[in-house]
There are 2 protein chains.
Amino acid sequence: KKRKLLPVEEYVEGILNGNITLLSKAVTLIESSKPGHQQIAQEIIVRCLPYSGKSIRIGITGVPGVGKSTFIEALGKQITGDGGKLAVLAIDPSSERSKGSILGDKTRMEELAGDKNAYIRPSPSAGSLGGVARKTRETIILCEAAGFDHIFIETVGVGQSETAVHSMSDFFLLLMLAGAGDELQGIKRGIMEMADLIAINKADGNNAEKAKMAQRQYQNALHLFPPKESGWEPRVSTCSALAKNGISEIWEVIAEYRKATVKNGYFIKKRNSQASFWMHETIQEQMKRAFYQHPEMKEKIKDFEQKVLNSEMSSFLAAGKLLEIYSGLK
Amino acid sequence: KKRKLLPVEEYVEGILNGNITLLSKAVTLIESSKPGHQQIAQEIIVRCLPYSGKSIRIGITGVPGVGKSTFIEALGKQITGDGGKLAVLAIDPSSERSKGSILGDKTRMEELAGDKNAYIRPSPSAGSLGGVARKTRETIILCEAAGFDHIFIETVGVGQSETAVHSMSDFFLLLMLAGAGDELQGIKRGIMEMADLIAINKADGNNAEKAKMAQRQYQNALHLFPPKESGWEPRVSTCSALAKNGISEIWEVIAEYRKATVKNGYFIKKRNSQASFWMHETIQEQMKRAFYQHPEMKEKIKDFEQKVLNSEMSSFLAAGKLLEIYSGLK
């Protein structure tokens, strides 16, 4: 089945007018692997770029079971209730989906899905983390051009995707649960250190006391880390997304962060370094892919890896030989 | 001045006989940037590889002022006193040297420098982190072939080099000082999480009490992290390298780690994944270098980066154009 394509102009005009159907169609082109679709998508992005950027991009992560969907609904309704327009995107590479992610399912965010000022777009489903991240990053541009001034980028806190989300967010929010003892179970090392805010969810009923304790514990742990370049001291909040307790307080913290970092220049500095980061990231990713996916290289790489493991060759020599073979192929 | 080269056979024989002069000459070839030297170095390495690996490789990091040299001397003398042979290597890319590193200076480890069972080799002085790390990794191979069954790889705890050291160590030791409040000042995020042992140095005199407090604090902080793949629970010790207190206890912890990870198979598993990691790392590093250092690319990269920052082009499109230009050049 051949999808009918519109002229670039129509997508762009639709997006700039806030037409959700055309926005969705353009995002589908971004996600498509067909070269023709990619070309149109790139033209749309270039045309939308001057209208993008006027938003706050909030990365949200947390392990399955932490109540992420409920939290996103609660914080999202707060935003649309205040007159904001919210796009909810996700990074969820297929390789991680099997680990229990439930991202990309509109049915789990019914209230937001029915909200005219919210746009929920499931994660592009296929491809490497780098590919998925690139698509999400480009989708942000179109959403911003369509007038969404609040962007959530969510991911499940079990893999490498947090780093990708962090590299396209202004503010990074880590959702946690109060547990017993080893609170960070399941959260990969280093994620806590990226957080601008740790929100301990499900702080209700019998859990409220435990959440307060966890809050103090995290606050102490955060103090052990060196100051952030943003000048921002990461906070720890408790909330109950279900009971909608603590949500407006979290929203105020985010607003405070934005104000502080816009003022000290970090906000735009980070945006610029992210844009440049993604250019270099894409270059390196594509060079790597060309090398590792070259049909004549796959077997050779395995062979030389085995030689290294057998101590027949140093890692460095094996790399050199493989690059020699590769440059002879092109 | 032309350095006189020996036949490969002579270097190899010398190294296998534990001849320090020939070992040093071979390491100098590893560090040389001349292609001819590199070729001989690679031949020596290949010949030594089958005799390498029978050691414990201990990464040691800590900010300047933590007493790293004194600690290395104390732990080193413990090792040679027990009949071990110790090589002390370092990773200290020139870019970081200006930040206050004092690595590579034998005079700061006089006792060890005079010990026949110790070999101190300063960090290769020039080049990128990747290049320096590669040279250190290859030097490990020669040292092991020369009979050194204990390898220290030290670095200053202010930059990216800890990750490199971690990726070639069996055991990672972080030296700290007891301070007031924010203990981790100056230690880059994530380094604490790599540690198998945090040793709080200068735990003597008036400082002993503070060190004990810091020990408890770190122990609590470490509990917040998820279990390590090694199955090892990171420890926190106090010591005084100057007074030689707590050093033999630290040595026992390292022995315990080795025993536990050899038994559960993690020791060899980690070694293998490090060897494969370095092969892939070298491939990617060299591809990157070829791209970024191509004389005709430098200007273009700057141009396109500027276009991205001006929102004239998406990061992805700019990357694609640059790769197109690059592949037309070769």
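# Close-up views of a predicted two-chain model

View 1. Over all chains, the number of disulfides comes to 0. A disulfide would be a covalent bond between the sulfur atoms of two cysteines.

**View 2. The two copies, chain A and chain B.** Chain B is superposed on chain A by a rotation of 180° with a shift of 0.1 Å along the axis, and the RMSD is 0.1 Å. This relation is therefore that of a two-fold axis. Both copies use the same surface, since 100% of the contact residues of chain B recur in chain A.

**View 3. Chain A as a whole.** Chain A contains 14 helices and 7 strands. Of its 330 residues, 53% are buried. When contacts in chain A between residues at least 6 apart in sequence are considered, 76% of them join residues at least 24 apart.

**View 4. The sheet of chain A.** The sheet is open and is formed by 7 strands of chain A, in the order 3-2-4-1-5-6-7, with parallel pairing. Strand 3 (118-120) and strand 7 (235-238) of chain A are the edge strands, each pairing on one side only. From one strand to the next, the twist averages 20°. Helix 11 of chain A, residues 247-263, packs on this sheet and touches strand 1 (56-62), strand 4 (150-156), strand 5, strand 6 and strand 7 of chain A. The direction of helix 11 makes about 155° with that of strand 5 of chain A.

**View 5. Strand 5 of chain A and its two partners.** On one side, strand 5 of chain A runs parallel to strand 1 of chain A, and 4 bridges join the two. Within this pair, A:Thr61 has A:Leu174 as its bridge partner in strand 5 of chain A. Strand 5 (residues 171-177) also pairs with strand 6 (residues 197-201) of chain A, in the parallel sense and over 5 bridges. A:Leu173 has A:Leu197 as its bridge partner in strand 6 of chain A, and A:Ala199 of strand 6 stands opposite A:Leu175. Strands of a sheet pair through backbone hydrogen bonds. Strand 5 of chain A is largely enclosed by the rest of the structure, because 6 of its 7 residues are buried.

View 6. Strand 6 of chain A pairs with strand 7 of chain A over 4 bridges, in the parallel sense. The bridge partner of A:Ile200 in strand 7 of chain A is A:Thr238. In a regular strand the side chains alternate between the two faces of the sheet. From strand 6 of chain A, A:Ile198 and A:Ile200 point one way, while A:Leu197, A:Ala199 and A:Asn201 point the other way, and all are buried. Because 5 of the 5 residues of strand 6 of chain A are buried, this strand is largely enclosed by the rest of the structure.

**View 7. A:Ile198 in the nonpolar core.** The largest nonpolar core has 110 residues; the members that touch the most others are A:Ile44, A:Leu142, A:Ile198, B:Ile44, B:Leu142 and B:Ile198. Neighbours within four places in sequence aside, the contacts of A:Ile198 include A:Leu174 and A:Met176, both in strand 5 (residues 171-177) of chain A. A:Ile198 is also in contact with A:Met192, A:Tyr218 and A:Leu222. Further contacts of A:Ile198 are A:Arg235, A:Val236 and A:Ser237, which lie in strand 7 (235-238) of chain A.

**View 8. B:Gln42 and residues from both chains.** B:Gln42 is part of helix 3 of chain B, which spans residues 35-48. Its relative accessibility is 7%, so B:Gln42 counts as buried. Not counting residues up to four places away in sequence, B:Gln42 touches A:Ser314, A:Phe316 and A:Leu317 of chain A, as well as B:Arg134 and B:Glu138 of chain B. The C-alpha atoms of B:Gln42 and B:Ala26 are separated by 9.9 Å, the two residues being 16 residues apart along the chain.

**View 9. B:Thr139 in helix 7 of chain B.** Helix 7 of chain B covers residues 129-145 and includes B:Thr139. B:Thr139 counts as buried because its relative accessibility is 4%, under the 20% cut-off. Residues up to four places away in sequence aside, B:Thr139 touches B:Val27, B:Ile30 and B:Leu89.

Conventions:
Residues are numbered from 1 along each chain as its sequence is written. Chains are lettered from A and ligands numbered from 1 in the order in which they are written. This is a predicted model: local features need pLDDT of at least 70, side-chain atom pairs count only at pLDDT 80 or more; totals for chains, interfaces and linings use all residues. Side-chain values use heavy atoms; hydrogens and water are left out. Two strands pair if DSSP finds at least two bridges between them. Axes are lines fitted to C-alpha atoms, for helices over the stretch in contact, and angles run from 0 to 180 degrees between N-to-C directions. Contact means heavy atoms within 4.5 Å. Buried means under 20% relative accessible area, exposed over 50%, partly exposed in between (1.4 Å probe, protein chains only). A disulfide is a pair of cysteine sulfur atoms within 2.5 Å. Copies are superposed by least squares on the C-alpha atoms of residues with pLDDT of at least 70 in both. A nonpolar core is a set of buried Ala, Val, Leu, Ile, Met, Phe, Trp, Tyr and Cys residues joined through side-chain atoms within 4.5 Å.
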